[in-house]
2 protein chains.
Amino acid sequence: LAGSEFELIDRFFRRASRRDDVVLGIGDDAAVLRVPPQRELVVALDTLNEGVHFLPQTAPSDVGHKALAVNLSDLAAMGAEPAWLTLSLSIPRYDEQWLAAFADGLFSLADRYGMALVGGDTTRGPLSVSVQVQGFVEPGSVLRRSGAKPGEAVMVSGSLGDAALALRQLKSGAAADKALLARLNRPEPRVELGRRLAALASAAIDVSDGLLADLGHVLQASGCGARLQLDSLPRSASFAACSESDAWDLQLAGGDDYELCFTVEPSRIAKVEAAAAGLGVAVTRIGEIEAAPGIRCVTANGALYEPSLRGWDHFG
Amino acid sequence: LAGSEFELIDRFFRRASRRDDVVLGIGDDAAVLRVPPQRELVVALDTLNEGVHFLPQTAPSDVGHKALAVNLSDLAAMGAEPAWLTLSLSIPRYDEQWLAAFADGLFSLADRYGMALVGGDTTRGPLSVSVQVQGFVEPGSVLRRSGAKPGEAVMVSGSLGDAALALRQLKSGAAADKALLARLNRPEPRVELGRRLAALASAAIDVSDGLLADLGHVLQASGCGARLQLDSLPRSASFAACSESDAWDLQLAGGDDYELCFTVEPSRIAKVEAAAAGLGVAVTRIGEIEAAPGIRCVTANGALYEPSLRGWDHFG
């Protein structure tokens, strides 16, 4: 029975709970959890399939990290405090080394946020990792996509385009730049920034499908449009050093950034910048919300630029 | 954009919420939910992979029904009231007919319990359906696996072995009995019974991997053993009519039953039977909890029987 599902769960995924809001964790038909009084529950779910969302050669610890990170990025975009996660893991075969490294990547990130894995399902099948995270917000304080208003600044955390450029380098067979590769495989969810933004920003989303696609969701939900200053799109040193001819397109539509894109009333920009500086996270003003629908990308000399890509879509 | 992920979600999975505890449903980075005061949250997650948990020829409406039913069966085993679900759906291609039928099977069952689909992820990949359900229990009233005590009756709802026999018929290429096939493809979660048992039973589990395996979990968690009367294992009319030579093994280890197996103090058996009768659900006393570990299966003449199968295990 060395490779049974139950032994597997016990060995790699069952740990003593560190949270007193976990009444019953892994090991029964379901978990029993206690939401704190005066808090609403925030639930996000993202699935990563091998060959679709990550390359087959991706290190298992990176898969574990990223599967949780992309979900924490959703909680961040809501301004929520992370609490619990569940895991559905389909694996083609029992592979101790793979499982140990995967669990290490997952729990290293979970521990940083004091999260407990409270349940899951481990099945045989093509490699697929589905993580669901739950967190808390104070009633009425959640950051929605629908709150953007004309005149507000469009801002973004960190830098854009790094993961897309790393993926391009990998696919070309070249050695990928290490800093860019880390952005692809071990994205850093902006959880603390999101919680600070809950009281400051008007609307927020995390950039997973590409800036144009994700900002587009904010604009659609808010019933307005935006003008983006292309020269303002933040670039990492590694990204800038590569000087790709289509750098703007990578930044606008490459995706997998897991940065927060948010809108802020001009009077609050200084507060946002101070909060971000306190967390050591860069934030950059990249444009303005306008009444007219659509996204207008503008170069330094004021010319309109038409991107050649529109962002990631699974079934497009 | 006719086949985009967003259009797909809008068309097949986004519906007006019918629950006032859904603050924010599908369409933002995460759902926002309100747990009622004085209730604990119960969370279960089960994944069905094509070719592993269901045959490739299974009708999509049955896949939709079963993906939710197996999760509701876990809530039932906890004595919880269903509330919300999330869905991670991986599909190899955009197939309108398949999606419409799948959604119909899923929502038909969800509607019977007044559940809301509050979020999910739709990705490209080998067909895999992962559903997570959330429900409520009153603090302290959850049905655990660990409460069984020597002297208690072991009881089971409905009948055992039907789904395993249907699967055998399908795999043999014969026409499967319709009633048995319905048990395989459209299991009925015992939600109402579970809620009534919360105040009456000492321990409970749902039978998904087979009676021996699942009762074994109860016994391990409770630190005791059991004696089962093989002639008491409940059989449906269709199952009895097939008179398989290894009928006991199918009932003990076939799995996919989604019945509740629970233990009851003798003084409460009449109340359990009355509650079940009121719901139109059969319950049968099939054995007793004993102090000695292990499960002893006993024939009508008192002889010990050694089953040739031990139940479903993904990695065994």
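1. B:Leu87 sits opposite B:Val131, a residue of strand 6 of chain B. The two strands involved are strand 4 (residues 81–91) and strand 6 (residues 128–137) of chain B, which run antiparallel and are joined by nine bridges. Strands here are DSSP runs of E with at least two residues, helices are runs of H or I with at least four, and both are numbered from the N terminus. Two strands count as paired if DSSP finds at least two bridges between them.

2. On provenance: this is a predicted model, where local features need pLDDT of at least 70, side-chain atom pairs count only at pLDDT 80 or more, and totals for chains, interfaces and linings use all residues. Residues are numbered from 1 along each chain as its sequence is written, chains are lettered from A and ligands numbered from 1 in the order in which they are written, and side-chain values use heavy atoms, with hydrogens and water left out.

3. Contact means heavy atoms within 4.5 Å.

4. Another open sheet of six strands has the order 5(A)-4(A)-6(A)-3(A)-2(B)-1(B), again with mixed pairing. Its edge strands are strand 5 (116–124) of chain A and strand 1 (22–24) of chain B. The chains meet where strand 3 (residues 40–49) of chain A and strand 2 (residues 31–33) of chain B run antiparallel, joined by three bridges. A:Val42 stands opposite B:Val32, and A:Val43 has B:Ala31 as its bridge partner.

5. The interface takes 61 residues from chain A and 61 residues from chain B. About 5,000 Å² is buried between the chains, 54% of it on carbon and sulfur atoms. Buried area is the accessible area (1.4 Å probe) that two parts lose on being put together, summed over both.

6. Six salt bridges (a side-chain nitrogen of Lys or Arg within 4 Å of a carboxyl oxygen of Asp or Glu) link chain A and chain B. B:Asp29 and A:Arg145 form a salt bridge at 3.4 Å, N to O. On the side of chain A that touches chain B, strand 3 of chain A gives the most, with nine residues.

7. Over all chains the count is 38 salt bridges. Within chain A, A:Glu290 and A:Arg227 make a salt bridge at 2.8 Å, N to O. This pair links distant parts of the chain: A:Glu290 is in strand 11 (residues 283–290) and A:Arg227 in strand 9 (residues 225–229), 63 residues apart.
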